[in-house]
Amino acid sequence: MGVMTMIQYRNNTNQEGEHKDWRPVPRGGAAGAEPRVRIVGCGRWSMGDDQAGLVAADMLRRRCPLPYGRGSDAHPLPYGRGSDADQLTYARHAASSVARQADLSTPKNVEGGTDGRVVAATVTLSEQPLLDLTDDRIGPVDLLVVIDTALADEHHPAGSFQRIDYRHGARIRQEPVGIDTHSLGVASALQLADNLELLPEHVWIYVLFGRAFGRDLWMSGAVEAAIPALVELIEVDVTKWIRSRPCTSLP
Amino acid sequence: VKNVTIDVKHITRVEGHGNIAVKVDDGEITRLELQIVESPRYFEAFLRGRRWYEAPHITCRVCGICSVGHTTASVKAMEAATGIEITEQTRLLRRLILNAEHLQSHLLHLYFLAVPDFFGVGSVIPLAATHPDVVKRALRMKRLANDICAAVGGRHIHPIALHAGGFTHTTDPKELVELKRRLEASRADLLETAELFTTLEVPEFHRPTEYVALRATNGEYALYGGGMVSNLQPEPTEAGAYRKRVMETVVQHSAAKHTRSPYADCYMVGALARYNNNADRLHPEAKKVAAMLGLSPVCDNPFHNNTAQLVECVHCNEDSVEIIDELLTRGLKSEPLVEPEHFGRGVGMAEVPRGLLFHEYELDDDGIISGSNLVIPTGQNLANIEADMRAMMPGLLATGMSKEQITHRLEMLVRAYDPCISCATHFLDIEWA
């Protein structure tokens, strides 16, 4: 929810290359267990490019074949766009999936250039990241993937995207100390979850850059066009990460 | 202290942008303003020309915190303008979702905006590191309230199932059973919250004030229905006559109008006003918590608005359990939306977390909105906040507080009102060509 403020780099490693500014916290993942992945797409429906995180997570939730971007329009997203008459229908459809947990624990072969990889994850479409990212009912996970949007700039044109490791490298700028609740966005939610020791060691944030964050039923063309590639990247990254884990059953 | 200049740009931990400007010269207050600098919103202007049934869905976007409250006032106004009579199931569901909004908003204010003051930290984020159990409890209760909003209204915020004439979605009884279980479990969290608040030192400040709220004729603690009363005028004013009771004026330093009443230059709405007018209607468990926190009507210390919010949380929690029981006993059924009988003028009043909210619409013969007026709780409180600050300043100056301490106390006062400045800024009346 909201547009994340991007990006400044911090030097958070010491001379030995060790990370020094995150505290050890209880991590999920008992020995021998399959790594647990949670994906949280953040944004606000009907707010133009802001909904990109929700749409991307929804694509992951529905799993492939992706609705579009691979030469198939057999599975269009259920969201209306354009006409006034579609608006309420659209909203009702959206409501049925907002912030509901979709358990993707059943492995699924994903077609389309992904070599039959298996991705299992719990996916949340969140319009309220403060509550969803601090939801201790979900149980521990080993990898948290957050998808959100940020305002494009001269270095990050609309439609480009980037992965940030929450604990290393580029970071999300935090709000000022004296915050109001309008500022309680993804950055605050992550910081709050971290302080509550609810974040796993591995937290990735996929940031999709956009420009149109006003009231609009649908995203701008550049952002919409980028989503299939973003989803693909997330699948590839998550699959590689799972394969790198010692206990995975992935081939 | 003889000379002080306080210039707080953007008071923190309130909704929206407001400044405090105070100047004391030679011991005399020469300037004292709560400046509302948020941009106007224009909702009243762009409602014109829209169809009657669109108003609730447009006006719910006035606020992300009070979206249920705006929807409630809007559907009530539109039903008054169209002659729609709703069913008892609709009324119960609206009361349930309004309770949930009060819960989520009050909890957000108490834990995220007000409590950090008492713990001496700048925000809830450092509080999470030092007092994780407190913050987890707050999040747990807020999540429950939001989930009730989603189950009844179709979304956690900006409900989409609430329409003039009824609901377009029938809440699943299984969801209600589960929500009731969580509400019952939440009693322990609320009790711990009350115990926490007994340890917090509430500043002592008293000023005789007119407290304005709804009061129902059916014995309910009035959030959804009732007439407008006050401690100075217990005779109820019905919605259609609200303009005789709420007089809006423009002041130079505020992008939100101020209001006065026929009985006082300024007045207060909100949890404390509701409590002062309806304490006898609270659920017995809420009365116990009020007693535990030392609250009794008529309380004229605005800092106890926080206390009243907590008391209301207990009431809303218990009332929601009872409403769910009633809904389940009656049996939920799918009901068609009630259609309008005619098009005319209508006013809707509802108690939303920050106080009494009015929506007024004028419809033409085709059901197109030709005029509207929204009177927001925070706008009604602004003059009262300034009056409180003006009355409080001499005492603060006399105690020898530093400028920083005075500033902090004034900010605490503003925060105690839980103002939603974003909602309140709307006064410009644009006549589009």
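Modeller: Strand β6 of chain B, residues 210-215, runs parallel to β10(B), and two bridges join them. This is a predicted model, in which local features need pLDDT of at least 70 and side-chain atom pairs count only at pLDDT 80 or more, while totals for chains, interfaces and linings use all residues. Residues are numbered from 1 along each chain as its sequence is written, chains are lettered from A and ligands numbered from 1 in the order in which they are written, and side-chain values use heavy atoms, with hydrogens and water left out.

Within that pairing, Glu210(B) stands opposite Tyr267(B) of β10(B). The open sheet has three strands in the order β7-β6-β10 of chain B, and its pairing is mixed. Its edge strands, each of which pairs on one side only, are β7 (227-230) and β10 (267-268) of chain B. Strands here are DSSP runs of E, at least two residues long, and helices are runs of H or I of at least four, both numbered from the N terminus; two strands pair if DSSP finds at least two bridges between them.

Buried means under 20% relative accessible area, exposed over 50%, and partly exposed in between, with a 1.4 Å probe and protein chains only. The largest such core has 145 residues, and among those with the most contacts inside it are Leu190(A), Ile20(B) and Phe112(B). Helix α4 of chain B, residues 88-119, gives this core its largest share, 14 residues. A second, separate core of 30 residues includes Trp45(A) and Leu60(A).

In chain A, strand β4 (residues 122-126) holds Ser126(A), which is buried at 0% relative accessibility. Its side chain makes a polar contact of 2.5 Å with the side chain of Asp132(A); such a contact is a pair of N or O atoms within 3.5 Å, where within protein one must be able to donate a hydrogen and the other to accept it, and residues adjacent in sequence count only if both atoms are side-chain atoms. Leaving aside neighbours within four places in sequence, Ser126(A) is in contact (heavy atoms within 4.5 Å) with residues including Val40(A) and Cys42(A).

Cys42(A) is itself buried, at 0%, and its sulfur lies 20 Å from the closest cysteine sulfur, in Cys149(B), too far for a bond. Over all chains, zero disulfides (pairs of cysteine sulfur atoms within 2.5 Å) are found.

Methods:
A nonpolar core is a set of buried Ala, Val, Leu, Ile, Met, Phe, Trp, Tyr and Cys residues joined through side-chain atoms within 4.5 Å.
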